[in-house]
Amino acid sequence: MASAAAVEARGVTKVFGAGQDGVRALDGVSVTIRENEFFTLLGPSGCGKTTLLRLIAGFDFPTEGEILLYGQDIAPLPPFKRPVNTVFQSYSLFPHMTVGQNIGFGLEMLGRSKAEVDARVTEMLRLVRMEELRNRRTSQISGGQQQRVALARALAPQPKVLLLDEPLSALDYKLRKDMQIELKRLQHETGITFIFVTHDQEEALTMSDRIAVMSKGHILQVGTPRDIYDHPAERFVANFIGETNFLEGQVSGVANGRASVRLNCGGAAINATLPSGFQPNGKVTVVVRPEHAQVVGSGSAATIRGTLENIVYFGTDTHYHLRLEDGGEFIVRQQNSRTNPATFAQGDSAGVFIGDNAAQVLRD
Amino acid sequence: MASAQDVAGGVERKGVHRRLTASEVAEAAERRDIRNRWYLILPALVIIILAAIGPLLIMVVYSFLAKGDYGGVTATFSTDAWVSVVLERDIFDDTLSFADAHMIIFWRAVSLAAYTTIATLIFGFPTAYFITTRPERQRDIWLFLVTIPFWTNLLIRTFAIQELIRRDGIFNNLFQWLGIIDQPIQMLDTDFAIALGMVYVYLPLMVLPIYASMEKLDFRMVEAGYDLYAGRLAVLRRIIIPLVKPGIIAGSILVFIPAIGAYVTPALLGGGKKMMVSNLISLQFGQGRNWPLGAALSITLMAVVLAALMLYVRNASRASVRTH
């Protein structure tokens, strides 16, 4: 049963404070996280992602709604009785214990024998490649090493779900990239469900099996990285993840889950994908990712037309900034090749070709 | 070529020379800096020598002199005082026997100080925890309340406690009026009264250092403990207490040292029935007219305090270091 629900939130609301001053950190959030999944809660700070994590861990309790762990309501369980472990943003390693003691702490508290704890600590140290640092104090190791210890400590008791609260945010770029791969490997090797909180969209896209995009206490969209990137359902999602072009238009027909949209700029009709279960009519906004469109001449192949305001060469690709006929802005990112050098120059009038599956209609 | 080399060498030599000068300047500056630091601590040094080390030396000297007939000392070397700290000379036949009275008094002082330390720790730790976990603005109010007793003279506060626990004092009247008791209970002049007074007097000295430590405690550590299956007691024992241990040690020292020489509280609340070590010492300098013995007893007390503290600190710092 690979797709069994590991964690299920049902209408979870969390209000901090009371009365008028109360802050709704989460507002009726429902989400199902599957077993063995690398699930990411993605959103800007203050969107409620850490709150949701803390509710699952048991550090806070929901104001309304319930959280199920493998079908069982965990509301009555204090954090020390939940088979869930957390990797804290600040690591929160115990400074009065060695690396080994930190990693063994959870198992020790579960009442395992000294021999079992020792063996497991050895195993975990090997897993995070830190065998030689077992007897160091946590203050004597680097930030990246502390990160690994925090991870080993949380994984040692073999939790059913591992919660990771922006664990990579304190690391420098290079180390963060390494740890992303490391985390993915650990998740694969241990088969534990990971719930990962981040505000870094790139991190979310590269690591997750599925992503929930959050804003202002709501989950806006849940899907695979490709779903979220290619088919953003709402303006916030499209904006938060990657670069995007927005175009206004009128729906002229819906068939087979596709909408035919007549663009306000230039009047051409394009086929656009729809968010699931959404029936658009009248005025809509469609999004087109910069790399899903092509710069073409302003001839008949063009879907929309404008002037090339800026051309920026990036080595791997070139960014074309167009000022459209209706005054809007449109960016195209085109991969470079040696055999086919770009022929456009700044100030040229040019067109953009938007293919059949390149556009997505937004819900709002 | 040769001239170019010369120039290069010259520059190099000049560079070396300049570097040396720089380091010399730095050294000189550092020397000056250290000298200035000595000037800065001079006032403190003078006070420490005059007020702490000087009197101590006088005490040591006095303890090895013979006693004067009307108090004071005579300038003859004598070990009589030190002998009579541990041994008693019979007034009639001059035989020596073990001075168990002194030992009992010393033991009484040490155990009273130890009980006081433990009791203030038991009451003070939760108090400090309570204050730490209040919102920041409230904490100042609670701390202010803790320090209020310092504003009043100890003697006056002790008389106030007497007033509370007298036979016809406020507590007895209140309890009788409430019907909890029908006869007044004897509280004043008992060990209970001493314990009450000692805890009352020394509690702030325990609460404040523990609070100072606990305020720095990262409560995310506590969450991490809960997360790793440690129950409330385990979190307290394995995480909170080890992390605030510096405060516990500081508080214990601050309570233990003055408590061992407590004078006013046991005398006024215990009825003076049991002699405390401070009474014993003051007796030697007063009616006893035996200054050398008083000095010897004082030094002995200091040694006892130092030994007790060293033992305590060693044990306390060892207890937290466990190895897997």
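At what angle do α2(A) and helix α3 (residues 114–127) of chain A pack, and how far apart are their axes?

Good morning, colleagues. This is a predicted model, in which local features need pLDDT of at least 70 and side-chain atom pairs count only at pLDDT 80 or more, while totals for chains, interfaces and linings use all residues. Residues are numbered from 1 along each chain as its sequence is written, and chains are lettered from A and ligands numbered from 1 in the order in which they are written.

On confidence, the predictor gives the complex an ipTM of 0.82 and a pTM of 0.78. Chain B has an average pLDDT of 85, and 91% of its residues score at least 70; pLDDT is the predictor's confidence in each residue, from 0 to 100. Residues 1–15 of chain B have a pLDDT below 50, and this stretch has zero contacts in the model beyond near neighbours in sequence. Two residues are in contact if their C-beta atoms, placed from the backbone, lie within 7 Å. Where pLDDT is low, the predicted coordinates should not be read in detail.

Let me turn to chain A. Its domain assignment gives domain 1 (5–230) and domain 2 (246–361); such bounds come from an automatic or database domain assignment. The C-alpha centres of these two domains of chain A lie 39 Å apart.

Now to the opening question. α2(A) and α3(A) pack at an angle of about 130°, and their axes are 9 Å apart. Helices here are DSSP runs (H or I, at least four residues), as are strands (E, at least two), numbered from the N terminus. Axes are lines fitted to C-alpha atoms, for helices over the stretch in contact, and angles run from 0 to 180 degrees between N-to-C directions. α2(A) and α3(A) are therefore oblique to each other; angles under 35 degrees count as roughly parallel, over 145 as roughly antiparallel, 65 to 115 as roughly perpendicular and the rest as oblique. α2(A) passes α3(A) in a right-handed crossing. On the α2(A) side, the contact is made by Gly100(A), Ile103(A), Gly104(A), Leu107(A) and Glu108(A). The residues from α3(A) include Val117(A), Arg120(A) and Met124(A).

What does α2(A) give to the side of chain A that touches chain B? The contact between the chains takes 20 residues from chain A and 16 residues from chain B. On the chain A side, β6 (84–87) and α2 (99–109) are the elements that give two or more residues. α2(A) gives the most, with six residues. By class, this side has 10 nonpolar, nine polar and one charged residues. Ala, Val, Leu, Ile, Met, Phe, Trp, Tyr, Cys and Pro count as nonpolar, Asp, Glu, Lys and Arg as charged, and the others, Gly among them, as polar.

Chain B is likewise assigned two domains, domain 1 (2–63) and domain 2 (97–319). Their centres, taken over C-alpha atoms, are separated by 45 Å. Four residues of domain 1 of chain B are in contact with six residues of domain 2 of chain B. The domain 1 side of that contact divides into three nonpolar, one polar and no charged residues.

I close with helix α7 (residues 191–215) of chain B, which packs with helix α5 (residues 154–165) of chain B at an angle of about 140°, their axes 11 Å apart. α5(B) and α7(B) are therefore oblique to each other. Their contact includes Leu154(B) and Ile161(B) of α5(B), and Leu196(B) and Tyr200(B) of α7(B). By class, the contact has seven nonpolar, two polar and no charged residues.

Helix α3 (residues 100–132) of chain B also packs with α7(B), at an angle of about 45° and with axes 6 Å apart. That makes α3(B) oblique to α7(B). Their contact has 19 nonpolar, five polar and one charged residues.

Technical notes. A crossing is left-handed if the near helix is turned anticlockwise from the far one by less than a right angle, and right-handed if clockwise.
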